[in-house]
Structure formats: C-alpha cells, structure tokens
Amino acid sequence: MKNRFTILGCGSSLGSPWITNFKGNLKKNIKNIRTRCCAHIQKGNLSVLIDTSPDIKYQFLKNKIRNLDSIIYTHEHADQTAGIFEMRPFYWQNKSKIPIYGSRRTIKALKKSYSFCFVEKQGYKPIMKAKIINKDFSIKKNNTKLSIKAFDVNHGLIQSTGYVMEKIAYISDCNKIPQKNLKYLNNLNYLILDCLKINKHPSHFNLDEALSLINLTKPKKAILTNLHTDLDYFEIKKKLPKNITPAYDGLSFEY
Ligand SMILES: [Zn+2]
C-alpha cells in the first residue's frame, strides 16, 4: 500500500453549508462543500486517523478507508470527537480495543464525555483504550513504525495538540504557537494549518496569521484547513502563492 495522507474534512465546526443551508460567501462548487476537520495517514499497512469528526462515517466510506489501527486526537471539541461512536465496527473487525492517543487533558475530557467507549456500560463492552502521549511517541504495526512529535498549541482558552509525522505537520485548531514549539515546524514538506476566516478570531488563525506562520516556517507546501463560509476555495486559491492551497474534502497526497 502506498504511503498517503488525506484531508478527510476541512470545514469549520458547522461545515459548509450549515444544517440551515447557510453558505455565506461560498459559490456553488464541490470544493466548497466541507465536512468537519479530520485527517488520515496510511503508512504501509498501518492506518491512523486524526480526530473523529461528526462526519466520520461518510468520510471513511467516501475515501474507501476499510481498516483502522489507531486514532490520534488533537483536542476534545465536538467537531473533532463527536463521531467516536462510529468506530465500533473497527473494534469488532480488529478483535481488540482501538488505541487512542492524546494529551492528558484531551484523554480526560474524552473519558468524561464518552465514558461508554472506555468502561462497560449497560452490558456494552468498551471499544477503546486510551494512551496519554509524550512529546515523542510512535505507533507500530508489524514492521511499520510511524514516529510522531506532539506539542501544545494555543486554541483560545484551551490547548490543542499539533502533530508532526513523516515531515507533515497537522495543526487544525490553533490561534498561536508558543515560541518554544516553533522548532517542530522546521524543514517540513507539508504544513496543514488552521485558517478559519478572513477576520480575526480568538481561537483560530485567520488568513493573514496563517500566511505569516507559513512565511516564517517555510514548509515546501502548505494546506489551509478548518475553513469557514467566508473562504471560497477558488477566490482564495487565485490569491495564494503556488505552494499554498486551501484544502478541500478528500485532498490527498503520497509522501
Ligand atoms: Zn476546537
């Protein structure tokens, strides 16, 4: 199997359009139909998911992902976690609990909100085992090993986790990266970065802030994600340099 990274969803917390069919400034185009943020990395036969969005079942079916070995969580917000319940078939398929990885605070919040995944409830078996991450950790399957660096980033009033693996950084929810953690963004092939809106926002980078971080860290390529309804794919793309692109659902690359 080829090594591949896929943006399963690139929309902000309500996706686009919203449930009310609100579309903001978005023109009618498939690249402006956005499910909630999460991503998938395939390394050899190892299949790892980053976050379980409320759209996860549709995202797996659309991208033909049939196996899952582990899940990494960026933080506990509902748009990154609410699809956790959909993971049960992988527990049955793997015949073992699905390992999930996250910071101490994220794991604590997941165990509180989704206790049925971790302890037996009303006769239903738990489907997950939680692992609190260190700065460096790895996920292994047979001879395949995915090495991951994890670091805190500011996301409004909480901290979410940024991840770097295979020279790809994934930072979907962030309004500031602490100075001491900028070193993790050196020499990247891809920087996948939060870019919520044109206007400033207290919990997310806006377009100007995302572009200045890209300018500072100089990845070979950058992909903007967590896009709100004021960021039309084609409008933004034509203004960006060639090595920076807005994400769209299903954007994937071999690495
Ligand atoms: Zn969030």
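Biologist: Where is the place of glutamate 254?

Modeller: Glutamate 254 sits in strand β14, residues 252-254. Strands (E, at least two residues) and helices (H or I, at least four) are DSSP runs, numbered from the N terminus. This is a predicted model: local features need pLDDT of at least 70, side-chain atom pairs count only at pLDDT 80 or more, and totals for chains, interfaces and linings use all residues. Residues are numbered from 1 along each chain as its sequence is written.

Biologist: Which residues is glutamate 254 in contact with, leaving aside its neighbours within four places in sequence?

Modeller: Those residues are Lys2, Asn3 and Arg4. Contact means that the two C-beta atoms, placed from the backbone, lie within 7 Å. As for asparagine 189, it is 65 residues from glutamate 254 in sequence and 11 Å from it in space, C-alpha to C-alpha.

Biologist: What makes β6 and β14 edge strands?

Modeller: The open sheet has 7 strands in the order β6-β5-β4-β3-β2-β1-β14, with mixed pairing. Each of β6 and β14 pairs on one side only. Two strands pair if DSSP finds at least two bridges between them. From one strand to the next, the twist averages 20 degrees.

Biologist: How many bridges does the pairing of β1 and β2 have?

Modeller: Strands β1 (residues 4-9) and β2 (residues 38-43) share 5 bridges and run antiparallel. Threonine 6, for one, has histidine 40 in β2 as its bridge partner.

Biologist: What is the handedness of the crossover from β5 to β6?

Modeller: Strand β5 (residues 98-102) runs parallel to β6 (residues 128-132), joined by 5 bridges. The chain passes from β5 through helix α4 (residues 104-113) to β6, in a right-handed β-α-β crossover. Right-handed means that, with the strands pointing away from the viewer, the path from the first strand over the helix to the second runs clockwise. Isoleucine 100 has alanine 130 as its bridge partner in β6.

Biologist: Which peptide bond is cis, with omega near -5 degrees?

Modeller: The cis bond runs from serine 16 to proline 17. Proline 17 is in the loop between β1 and β2.

Biologist: Which residues touch the most other members of the largest nonpolar core?

Modeller: A nonpolar core is a set of buried Ala, Val, Leu, Ile, Met, Phe, Trp, Tyr and Cys residues joined through C-beta atoms within 7 Å. Of the 64 residues in the largest one, these are Ile168, Ala169, Leu191, Ile192, Leu193 and Leu224. Strand β8 (residues 144-155) gives the most to this core, with 5 residues.

Notes
A residue is buried if 20 or more other C-beta atoms lie within 10 Å of its own, exposed if 12 or fewer, and partly exposed in between; C-beta atoms are placed from the backbone. Axes are lines fitted to C-alpha atoms, for helices over the stretch in contact, and angles run from 0 to 180 degrees between N-to-C directions.
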